[in-house]
Amino acid sequence: TDVVLLCCSLFKFFYCSLSCFSLFPSLYSTFATSLWELQKHFPDDKDALNKIIHCLQEMNKFHNILLEQCAKTVLKNISNFLKKDIREVKDYKQIFMKISENYDGALNKNSQVNKNRPQEIIEAENYVCSTKSQFQHSALDYVNYVTLLQRKKRPEILSTLISYVSACSTYFHQGSDLCQDYDTYLFKELDEEVNVMRTDYA
């Protein structure tokens, strides 16, 4: 069905995205490590570099938290929806198709019974009644499974996306708060010092 294909493509896309994003923290850590090495060559700016590195490390922590939240919410929820809810419908569809085939076979056999053999007629009719009852019950069950899936898909997918947006919102708020904490020093005082340095050699 369309919802299965949509969920599968959504899961694959998000998994690939997270796989790409997950490379970022390790590369970012390598970048921060190289800044520690840089301190050796800038002894006069050790305090400034320490603050910059600390700020970058905190940003990296927030990024890791975002990745964890996405893995816990989006990937887990979609995976559960695919493996549990959609799998149940698929599995029961196979059961329904098997029972349908049995019912079709019973009807076909009944239509070909020799009318001169009463015992065979009775057996064929009993088999038709039995398979018909199984078919009716399985049809109701299958419709019930499909109906439940149709009702469940909207809240499941929407709640998953809301969780993802909420995780992103938290990530950006944390980054914004962190930048505000460093605003006075990094973006004002240090920036002014850099401008003074530039005028000195201009």
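Which residues are exposed on the other side of helix 2? The structure here is a predicted model, so to speak a calculated one, in which local features need pLDDT of at least 70, side-chain atom pairs count only at pLDDT 80 or more, and totals for chains, interfaces and linings use all residues. Residues are numbered from 1 along each chain as its sequence is written, and side-chain values use heavy atoms, with hydrogens and water left out.Helix 2 covers residues 23–38. Helices in this text are DSSP runs (H or I, at least four residues), numbered from the N terminus. With its 16 residues, helix 2 spans 23 Å from first C-alpha to last, close to the expected 22 Å; that expected span is 1.5 Å times one less than the number of residues. Pro25, Tyr28, Ala32 and Leu35 are the buried residues of helix 2, where buried means under 20% relative accessible area, exposed means over 50%, and partly exposed is in between (1.4 Å probe, protein chains only). These four sit on the same side of helix 2, because they cover an arc of only 70° around the axis, the arc being taken from the directions from the helix axis to the C-beta atoms. As for the opening question, Leu23, Leu27 and Thr30 are the exposed ones on the other side of helix 2.

Leu6 and Leu23 are 17 residues apart in sequence, and their C-alpha atoms are 26 Å apart in space. Leu6 is exposed, at 52% relative accessible area.

Next comes the inside. In soluble globular proteins, nonpolar side chains tend to be buried together. A nonpolar core is a set of buried Ala, Val, Leu, Ile, Met, Phe, Trp, Tyr and Cys residues joined through side-chain atoms within 4.5 Å. The largest core here has 19 residues, and the members that touch the most others are Phe14, Leu18, Leu66, Cys70, Ile86, Tyr142 and Leu149. At least two residues of this core come from each of helix 1, helix 3 (46–111) and helix 4 (118–181), with helix 3 giving the largest share, twelve residues. There is also a second, separate core of seven residues, among them Cys55, Phe62, Tyr182 and Leu186.

The second largest pocket holds about 160 Å³ of space. Its lining consists of Leu38, Phe42, Asp45, Ala48, Leu49, Ile52, Leu190, Val194 and Met197. On a 1 Å grid over the protein atoms alone, a pocket is an open set of points with protein on both sides within 12 Å along at least five of seven lines, and lining residues have an atom within 4 Å of a point. Helix 3 and helix 5 (183–201) are the elements that give two or more residues to this lining. By type, the lining has eight nonpolar residues, no polar ones and one charged.

Cys129, in helix 4, counts as exposed at 53% relative accessibility. Ile65, in helix 3, is partly exposed at 37%. Ile65 and Ala167 are 102 residues apart along the chain, and 8.7 Å separates their C-alpha atoms.

Technical notes. On a 1 Å grid over the protein atoms alone, a cavity is a set of points where a 1.4 Å probe fits but cannot get out, and a pocket is an open set with protein on both sides within 12 Å along at least five of seven lines; lining residues have an atom within 4 Å of a point. Grid points are joined across faces, edges and corners, and a volume is the space filled by probe spheres set on the points. Ala, Val, Leu, Ile, Met, Phe, Trp, Tyr, Cys and Pro count as nonpolar, Asp, Glu, Lys and Arg as charged, and the others, Gly among them, as polar.
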